[in-house]
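Here is a short report on the fold, the core and the ligand site. Please read it with the model open.

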Amino acid sequence: MSRVAVVTGGTRGIGRAICRRLKDDGFTVVANYGGNDDAAKAFSDETGIAVYKWDVGDHEACLDGCAKVESEVGPIEVVVNNAGITRDGVLHKMSFDDWNEVMRINLGGCFNMAKATFPGMRERKWGRIVNIGSINGQAGQYGQVNYAAAKSGIHGFTKALAQEGARSGITVNAIAPGYIDTDMVAAVPEPVLEKIVAKIPVGRLGQAEEIARGVAFLCSEDAGFVTGSTMSINGGQHMY
Ligand code: NDP
């Protein structure tokens, strides 16, 4: 039987491309999502991939959701923590709710999913966890103290958990995407986006499939000696 891979936020954008790629690579893929039922249904109808709705920022919902997947599909051996949101604004205008919600979903979601799946991976002595960080967690970004802090937290979380999983056959890695052409980036005002693209050495936004290829490698048997690492996929932007 093929390994079961859960991709959070798997029904749109980067997560959608990751699901498709892992399916092509022979995994039994499950896509989690947060609330957009229409997008999830369209995705599932098109790909045949099972979709499960729960809020990754809700600890109990994560435990229950993963238990349901395990009973209906099988033991979860691969987790891609991809679900994420933005609530941008400069600090002096950012509400506590905007801070909290981004931390709860983007960073808390990684903890919740690991709590639900890491013990099983330890018992079975094999696992792959890939956390989707961001170039803005590495470099910071004006108007994103919440998002940059959460993504930076993901990079630290990755290195700490990698050390805990290393002797149990579990690798934990992060990918730090640059600007990728998805709904999230479509929300960035055009003049701001033009300035951002001007700073990307390859001169364009990335495609979701370009992130999915990196995830696929980190989830593969071939990547067993790669752990605690961050793969930067950003058209060279990390150099500036
Ligand atoms: P999208 O906004 O296109 O898709 C986000 C996905 O996450 C959706 O499937 C959404 O579900 C899901 N989601 C949101 N909140 C929750 C929640 N509480 N619980 C479960 N699922 C949830 O985002 P992208 O594809 O652009 O981004 C994917 C990841 O990549 C994010 O972590 C983002 O921070 C990161 N990233 C993106 C970059 C970019 O340029 N696009 C750059 C760097 C990092 P639903 O459809 O139900 O809302």
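Predicted model: local features only at pLDDT ≥ 70, side-chain atom pairs only at ≥ 80, totals over all residues.

Two of the strand pairs can be followed in detail. Strand β1 (residues 4-7) pairs with β2 over four bridges, in the parallel sense. There, alanine 5 stands opposite valine 29 in β2. Strand β4 (residues 76-81) runs parallel to β5 (residues 127-132), and four bridges join them. In this pair, valine 79 faces isoleucine 129 of β5 from the opposite position.

How enclosed are β2 and β5? In β2, five of the six residues are buried, so this strand is largely enclosed by the rest of the structure. In β5, six of the six residues are buried, so β5 is largely enclosed as well. Both faces of β5 are covered. Gly127, Ile129 and Asn131 are buried on one side, and Arg128, Val130 and Ile132 are buried on the other.

**The nonpolar core**

In soluble globular proteins, nonpolar side chains tend to be buried together. Here, the largest nonpolar core has 57 residues. Those with the most contacts inside it are Ala5, Val7, Ile18, Val29, Ala31, Val80 and Val215. Which helix gives the most to this core? Helix α4 (residues 96-124) does, with nine residues.

Leaving out residues up to four places away in sequence, isoleucine 18 touches Val7, Gly10, Val80, Asn82, Ala212 and Val215.

**The ligand site**

The ligand is surrounded by 30 residues. The closest are Gly9, Gly13, Gly34, Gly84 and Met184. By type, the shell divides into 13 nonpolar, 14 polar and three charged residues.

| Pair | Apart in sequence | Apart in space |
|---|---|---|
| Cysteine 110 and lysine 125 | 15 residues | 20 Å |
| Glycine 235 and valine 197 | 38 residues | 10.0 Å |

Cysteine 110 sits in helix α4. Cysteine 110 is buried because it has 28 C-beta neighbours inside 10 Å, and the cut-off for buried is 20 or more. Apart from residues up to four places away in sequence, cysteine 110 touches Asn81, Asn131, Ile154 and Phe157.

Lysine 125 lies in the loop between α4 and β5. Is lysine 125 buried or exposed? It has 10 other C-beta atoms within 10 Å, so lysine 125 is exposed; the cut-off for exposed is 12 or fewer. The backbone of lysine 125 also deserves a look. Its phi is near 60°, a positive value in a residue other than glycine.

Isoleucine 49 is in the loop between α2 and β3. Although a loop residue, isoleucine 49 counts as buried, with 21 C-beta neighbours inside 10 Å. Its contacts, not counting residues up to four places away in sequence, are Cys19, Lys23, Val29, Ala31, Phe43 and Ser44. Two of these, Val29 and Ala31, are named above among the residues with the most contacts inside the largest nonpolar core.

Glycine 235 is found in the segment after β7. With 22 C-beta neighbours inside 10 Å, glycine 235 counts as buried. Glycine 235 touches Gly178, Ile200, Pro201, Val202, Arg204 and Gly206, again leaving out residues up to four places away in sequence.

Terms used:
Residues numbered from 1 in each chain as written. Near = placed C-beta within 6 Å. Nonpolar A, V, L, I, M, F, W, Y, C, P; charged D, E, K, R; others polar. Core = buried A, V, L, I, M, F, W, Y, C linked by C-beta atoms within 7 Å. Contact = placed C-beta atoms within 7 Å. Pairing = 2+ DSSP bridges.
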